[in-house]
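The overall dimensions come first.

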Amino acid sequence: MFVIPGEARGHSMIFARRQAEILRAEGVEVETFYLESRTSPAALARELVRFRRLRRRVRPDVIHAQFGTMTALFAAVASVPTPLVITYRGSDLNPSHPWSLRSATGRLLSQIAALRAARIVCVSRQLRERLWWRRPKAAVMPTGVDLEVFFPEARSAARSRLGWAEADRVVLFNAGREQSGKRLDLAAAAVTAARRWLVVLCPAGLASRRAEPRLRLEVMNGSVPPERVPWLMSAADCLLVTSDAEGSPTVVQEALASNLPVVSVAAGDAPERLAGVRHTLIVARDPEALGAALAGVVARPERSDGRSKSDEFSARAIARRLHALYQEIA
């Protein structure tokens, strides 16, 4: 049984839903429970009754909390005596910028919940190092990407579908719903700097000293339909990541699967994922340095060879590892 924070409708936690679908394809029976309230004590009490009713009906072998904070603590309390797995994804263990009492409380709840877990999944090695205890019980597994959904497609075909001009240079940025830690401000400043660099780097016709290069930032927020994201990956010239902190950014794995070049700061496991990939760069968290890197990547649009590393983050491979973990503890 997956315990997922949020509501069943909408696009929230889409990666957890996709993981459930792929596990089903691998022969695992997966039931989902959406924890719709995580702040009101009265609502949590009602959710506990609903959860226990579902658990009695389903009788799961394993309960898998798909996030830390209150979601993990709720699952830790409600799942007894069923074996519990917790996946930590980033902000549930990483410090917040700026610091807030709510975020600090959530991280404390994550650490307390870990004491109840039979096994723990951290989406990166860096995240596992943030556990206060039970690290020997923690496996490192990215969420994974469905390689049948994200794959290289001709840039021109994707642009035609989206109605984008062929001559534009487009930098893709994932702001998500919780935008504060993603640093949209830094991304915008980097693109502004990149426009200046492109005046020098781009051939005549694309840019001149009298006209600003046609470079724009395409921001994905939490309302972008999931089925549109693969098109954006194929149509864009580069993915930009400027986050203060990450676990294992799924958007980087999606870009690699699509052969989309990436310019990123050293957040989460991005350096590990991008190591050895052509036309990708890890850059200092500075707008001028990021702008210069962006300009160099988009001046001559080429694709990366990121898909060659897809064995590391294939959703089916991750599902098989999870299946083995469930069998071990069930």
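With 330 residues, a compact globule would have a radius of gyration near 20 Å, and the protein chain, at 21 Å, agrees. That radius is taken over C-alpha atoms, and the globule rule is 2.2 Å times the number of residues to the power 0.38. This is a predicted model: local features need pLDDT of at least 70, side-chain atom pairs count only at pLDDT 80 or more, and totals for chains, interfaces and linings use all residues. Residues are numbered from 1 along each chain as its sequence is written, and side-chain values use heavy atoms, without hydrogens and water.

The protein chain holds twelve helices and eleven strands. These are DSSP runs, numbered from the N terminus: helices are H or I with at least four residues, strands E with at least two. Buried residues make up 53% of the 330. Buried means under 20% relative accessible area, exposed over 50%, partly exposed in between (1.4 Å probe, protein chains only).

Now the charges. The count comes to 23 salt bridges, each a side-chain nitrogen of Lys or Arg within 4 Å of a carboxyl oxygen of Asp or Glu. One of them joins Lys182 and Glu246 at 2.9 Å, N to O. The pair links distant parts of the chain, 64 residues apart. Lys182 is buried at 19%, and Glu246 is buried at 15%.

Glu312 and Arg273 also meet at 2.9 Å in a salt bridge. Glu312 lies in the loop between helix H11 (287-298) and helix H12 (315-329), Arg273 in helix H10 (residues 270-274). Glu312 is partly exposed at 36%; Arg273 is buried at 6%.
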